[in-house]
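Take a look at the chain below. Follow its strands, its core and its surface in turn.

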Amino acid sequence: NNATCAGEVSLASLAIYFGANAGAVVSMSDVSGMLHIKVLAASSCTGGKVRARISGLDSSASMVVLYFDFTYTLPDAEIVPIDGKIAGGTMVTISAKGWGPRSATLTSASELKSSF
């Protein structure tokens, strides 16, 4: 069942999931007969692709479901300093969040600082 305009889907019935995590529906509108739904993605502790779905009831109370792939990207690492002496010996700190299974237990970015 394909909804073709905002009047055919109930905004109150919309739900969005990114994998098992609920996102939030922000708005829904009809733009030239095309349904536009804005959502906030759920948070994730790691990067990678998840199967997402948005569902809602159409005007005949039938469930409409749309599945799509969504890819979470990892934030860039912070590297300080960004340069050093050619002779070596520069202390470099790399800070990154979301890089591996340990990231699920972190409470702040400072827990990820490593020095080489």
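The paragraphs below go from the whole chain to its core, its rings and its surface.

This is a predicted model: local features need pLDDT of at least 70, side-chain atom pairs count only at pLDDT 80 or more, and totals for chains, interfaces and linings use all residues. Residues are numbered from 1 along each chain as its sequence is written, and side-chain values use heavy atoms, with hydrogens and water left out.

Start with the overall plan. The chain has nine strands and zero helices. Here helices (H or I, at least four residues) and strands (E, at least two) are DSSP runs, numbered from the N terminus. Along the sequence the pattern reads β-β-β-β-β-β-β-β-β. Contact means heavy atoms within 4.5 Å. Take the contacts between residues at least 6 apart in sequence: 38% of them join residues at least 24 apart.

How much of the chain is buried? Of its 116 residues, 17% count as buried. The cut-offs are these: buried is under 20% relative accessible area, exposed is over 50%, and partly exposed is in between (1.4 Å probe, protein chains only). The accessible surface of the chain is about 8100 Å², and 58% of that belongs to carbon and sulfur atoms. Such areas come from the Shrake-Rupley method with a 1.4 Å probe; for residues, only the protein chains shown count as cover.

Now go inside. In soluble globular proteins, nonpolar side chains tend to be buried together. The largest nonpolar core here has nine residues: Val9, Leu14, Ile16, Phe18, Met28, Ala42, Ala52, Ile54 and Tyr72. Strands β1 (15-18) and β5 (48-57) each supply at least two residues of this core. A nonpolar core is a set of buried Ala, Val, Leu, Ile, Met, Phe, Trp, Tyr and Cys residues joined through side-chain atoms within 4.5 Å. Pick out Ala42. Leaving aside residues up to four places away in sequence, Ala42 touches Phe18, Asn21, Ala22, Gly23 and Tyr72.

Ser55 sits in strand β5. Is Ser55 buried or exposed? Its relative accessibility is 15%, so Ser55 counts as buried. Again leaving aside residues up to four places away in sequence, Ser55 touches Ser13, Leu14, Ala15, Met63, Val64 and Val65.

Next, look at the rings. Rings of Phe, Tyr and Trp (its six-membered ring) pair if their centres lie within 6.5 Å; planes under 30 degrees apart count as stacked, over 60 as edge-to-face and the rest as tilted. The count comes to three aromatic pairs. Phe18 and Phe68 have ring centres 6.3 Å apart and planes at 85°, so this pair is edge-to-face. Phe18 lies in β1 and Phe68 in β6 (residues 63-72), so the pair ties together parts 50 residues apart in sequence. Phe18 is buried, at 4% relative accessible area. Phe68 is partly exposed, at 27%. Phe18 also pairs with Phe70: the centres are 5.0 Å apart and the planes at 70°, so this pair is edge-to-face too. Phe70 is partly exposed, at 27%. Ring pairs link Phe18, Phe68, Phe70 and Tyr72 into a cluster.

Leu57, Met63, Val65 and Tyr67 make a nonpolar surface patch of about 360 Å². Like charges are joined within 9 Å, nonpolar side chains (Val, Leu, Ile, Met, Phe, Trp, Tyr) within 5 Å. Strand β6 gives the largest share of the nonpolar patch, three residues. Leu57 is found in β5 and is partly exposed, at 31% relative accessible area.

Definitions and conventions. Patches are made of residues with over 30% relative accessible area and no salt bridge: like charges are joined within 9 Å, nonpolar side chains (Val, Leu, Ile, Met, Phe, Trp, Tyr) within 5 Å. A salt bridge is a side-chain nitrogen of Lys or Arg within 4 Å of a carboxyl oxygen of Asp or Glu.
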